[in-house]
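Hi everyone, thanks for making time today. I'd like to walk you through one structure, so let's get it up on the screen.

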Amino acid sequence: MSGYVLKIDETEQQQKESDHSFIGGQPRLPEDRPIPHCQLCGTEQTFFFQVAFPEGHLWEGLTMAVFHCTSCAHEGERIPEILPVPLKGADIPKGFLESYQRNFKIEVFATKDGMVRKDYQEKIQFKRWILEAVNGDPEANKVGGKPNWLLEDEAPATYDGKVPMFFLMQLMEDFQFEIVEDAPPQMQIGLRGNPEPSQERYYELFLANQLYFFGTEEKSDPLVYVLTQI
């Protein structure tokens, strides 16, 4: 399957009802999906981005939305939990993809069921993503194709011993999510090892490591595994 590069639309930054792939703004979710809350501090999580998977993608017709808590910071919880086994070709045990989402949440749903959620207070500046079909596998933010590994190949093979996993998308390292004027600073672990507010006017997702998203081939119960490399 050919990949799609994710490019930011620089021509207009006003969110529209017709937008399906974008950074920040207000998420587009089904009406019956609550805005996720952090299991560690109870605060509403921050919406970072979402992608509607395009024609030809195994998850065509589905959208993935990514939330993460920016109100608390805990050592050992700053990136998604790592499987305690060699990652390349790993089998992800049943239940892991639900239980590891303690301070983040990945929502997957039918794109047609999404609606702009006015009940969410925007924190990250809206930026529209344009999916541009490409040949090959450029080192860029992209959907589909093959992952560009910073280190060794760490692609999982299966979930629950039988459901194949496949590459969904990647987000390049050091990606900064610009925040709106009245958004609170992101909490981080300071030099003394204590939580403190960041001095930067942007948020980072999982320490701004390079991110790789993998999904289950079974679309009736779509699940996501996200891993980081730096």
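**A loop, a strand and a core**

Let's start with Asp 119, which lies in the loop between strand 8, residues 115–116, and strand 9, residues 127–134. Please keep in mind that this is a predicted model. The side chain of Asp 119 makes a polar contact of 3.0 Å with the side chain of Arg 117. What about Ile 35, which is 84 residues apart from Asp 119 along the chain? The C-alpha atoms of those two residues are separated by 8.5 Å.

Now over to strand 12, residues 163–171. Is this strand mostly covered or mostly open? Mostly covered: eight of its nine residues are buried.

Which strands does strand 12 pair with? Let me take them in turn. With strand 17, residues 210–216, the pairing is antiparallel and runs over six bridges.

On to the interior. As a reminder, nonpolar side chains tend to be buried together in soluble globular proteins. The largest nonpolar core in this model has 49 residues, and those touching the most other members are Phe 49, Met 64, Phe 177, Phe 213 and Tyr 225. Several elements give two or more residues to this core, including strand 1 (3–8), strand 4 (46–52), helix 1 (96–99) and strand 18 (224–229). Which element gives the largest share? That is our strand 12, with seven residues.

If you click on Phe 177, you'll find that, leaving out residues up to four places away in sequence, its contacts include Ile 23, Phe 48, Phe 49, Leu 171 and Tyr 202. Apart from this core lies another one, of nine residues, among them Leu 29, Phe 47, Phe 109 and Phe 126.

Last stop, the rings. How many aromatic pairs does the structure hold? There are 18.

Technical notes: Residues are numbered from 1 along each chain as its sequence is written. This is a predicted model: local features need pLDDT of at least 70, side-chain atom pairs count only at pLDDT 80 or more; totals for chains, interfaces and linings use all residues. Side-chain values use heavy atoms; hydrogens and water are left out. Rings of Phe, Tyr and Trp (its six-membered ring) pair if their centres lie within 6.5 Å; planes under 30 degrees apart count as stacked, over 60 as edge-to-face and the rest as tilted. Buried means under 20% relative accessible area, exposed over 50%, partly exposed in between (1.4 Å probe, protein chains only). Helices (H or I, at least four residues) and strands (E, at least two) are DSSP runs, numbered from the N terminus. Two strands pair if DSSP finds at least two bridges between them. A nonpolar core is a set of buried Ala, Val, Leu, Ile, Met, Phe, Trp, Tyr and Cys residues joined through side-chain atoms within 4.5 Å. Contact means heavy atoms within 4.5 Å. A polar contact is a pair of N or O atoms within 3.5 Å; within protein, one must be able to donate a hydrogen and the other to accept it, and residues adjacent in sequence count only if both atoms are side-chain atoms.
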